[in-house]
Amino acid sequence: MEILAGSKSKGFVLAVVLVLGSVTVGFAQKSPKPKRVWSVGPLTKSETVIGIAFGAGGATVTGPRVDTQTSSVFAATRSVAFAGDRIVLASKVGARNVEGAKIPEQVFQLLSLDLQTGEVKDSREISAFGSLQVFATNDAHVIISGRTVMRLTPDLKDAGSFDYYARGHKHGNVENISPDGSTLANATSPGLELVDARTLTATTLSDQPIVATSVSSKAVVSDSPWWIQDYPKEKSFVTLTDDKGQHLIFHGDCGGRPQFLSDARVLTASCKIARILNTQGNILQTITLHDAISFAGVSQDGKRFALQVASFSDTHSVKHERFLVYSVETGEPVAEVMPDKPGEEQSWTALSPDGSMIVVGSPLKLTLYQLP
């Protein structure tokens, strides 16, 4: 069962909103083919790893194999970005022990590729205890978020830094940037700040506990199940938090991690269905496919977004993977891209600011496509 919810504050009675005229979009027609601009790789020296896959028969040891760095859906849209006339990516190249640290430090190689040729123009080593995220700003810079938050030029020169603790917080974590590249979300645990991606100045959005999955220039969305006591039969919730408080804008059987497509549009993509909502909770378009889907990026102009469509084996490894690029306004597909080799969970992807190009792959092989 799925019920569309309009915006409401927690603890009050929900008014059920029936939306007439929402659009359901299938994928019967064939999408135009994109033009391959270049393919490069391997870009860094890859590690050999051994993994464990869990299926119906229990645990299965996989490997040894070359690490493609595509085993995380989370990292798939946070590892490569467009920055002016460059493409910047962060590839994990090793680990090392640090005196006094309880866990090894992960070592990443930042690479800046020429947009026209794919040639490596600049590189820089960065370390982090855990993951490292790469975000594109709206002024052709990149934000590198890990142990620290750094603002870099397209050729990887320092252009500023953000101090997690400057405003008196004990915690800080930047894992999301708005679709338009203007705003970062800093989780202060509890609470959340909105950080200007150019000036790296922060303003408090909320002091309440929030686990944000996406940020716009003025709000965040979350999939936290805070509303389960009100809707015990539901499995998926989308909560929007802005300067007016927290509002439930969707609940149903399957929604996934909500993502902003613009300040006014939110995408839920999970199972085999994607929905585009406005921030009041009205469903504007519904896209239904035959395989599992997940979010794969959005252009900064808010006009195009991408979905990964994948089929999986019994051990939940990807058998087939493709990426569909859609119009945000109409929900219609505009292009389809298939990586030369599927990711383990999801290949890296990023759309150019105007949605005219998409980069797909991993440090083993990265490909740039010109879209119709």
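Of the 372 residues of the chain, 53% are classed as buried, a term that denotes under 20% relative accessible area, with exposed meaning over 50% and partly exposed in between (1.4 Å probe, protein chains only). The model is predicted: local features need pLDDT of at least 70, side-chain atom pairs count only at pLDDT 80 or more, and totals for chains, interfaces and linings use all residues. Residues are numbered from 1 along each chain as its sequence is written, and side-chain values use heavy atoms, with hydrogens and water left out.

**Overall fold**

- The chain's secondary structure consists of 1 helix and 31 strands, taken as DSSP runs numbered from the N terminus (helices H or I, at least four residues; strands E, at least two).
- Of the contacts (heavy atoms within 4.5 Å) in the chain between residues at least 6 apart in sequence, 49% join residues at least 24 apart.

**Disulfide**

- The whole structure contains 1 disulfide, defined as a pair of cysteine sulfur atoms within 2.5 Å.
- The partners are Cys254 and Cys271, with their sulfur atoms 1.8 Å apart.
- Cys254 sits in the loop between strand S20 (245-252) and strand S21 (259-260), and Cys271 in the loop between strand S22 (265-270) and strand S23 (273-278), so the pair ties together parts that are 17 residues apart in sequence.
- The disulfide is right-handed because the torsion about the S-S bond of Cys254 and Cys271 is about 90 degrees.
- Cys254 is buried, at a relative accessible area of 16%, whereas Cys271 is partly exposed, at 40%.

**Cavity**

- One search result is reported for the whole structure: 1 cavity of 30 Å³ or more, where a cavity is a set of points, on a 1 Å grid over the protein atoms alone, at which a 1.4 Å probe fits but cannot get out.
- The largest cavity has a volume of about 420 Å³, volume being the space filled by probe spheres set on the points, which are joined across faces, edges and corners.
- Its lining comprises 25 residues, of which Thr77, Phe135, Ile177, Gly297 and Val298 lie nearest the centre; lining residues have an atom within 4 Å of a point.
- Strands that each supply at least two residues of this lining include S5 (80-83), S9 (133-136), S13 (174-177) and S25 (292-298).
- The lining of the largest cavity divides into 14 nonpolar, 10 polar and 1 charged residues.

**Thr367**

- Thr367 belongs to strand S31 (residues 366-370) and is buried, at 3% relative accessibility.
- Beyond its neighbours within four places in sequence, Thr367 is in contact with residues including Arg36, Trp38, Ser39 and Asp340.

Notes: On a 1 Å grid over the protein atoms alone, a cavity is a set of points where a 1.4 Å probe fits but cannot get out, and a pocket is an open set with protein on both sides within 12 Å along at least five of seven lines; lining residues have an atom within 4 Å of a point. Ala, Val, Leu, Ile, Met, Phe, Trp, Tyr, Cys and Pro count as nonpolar, Asp, Glu, Lys and Arg as charged, and the others, Gly among them, as polar.
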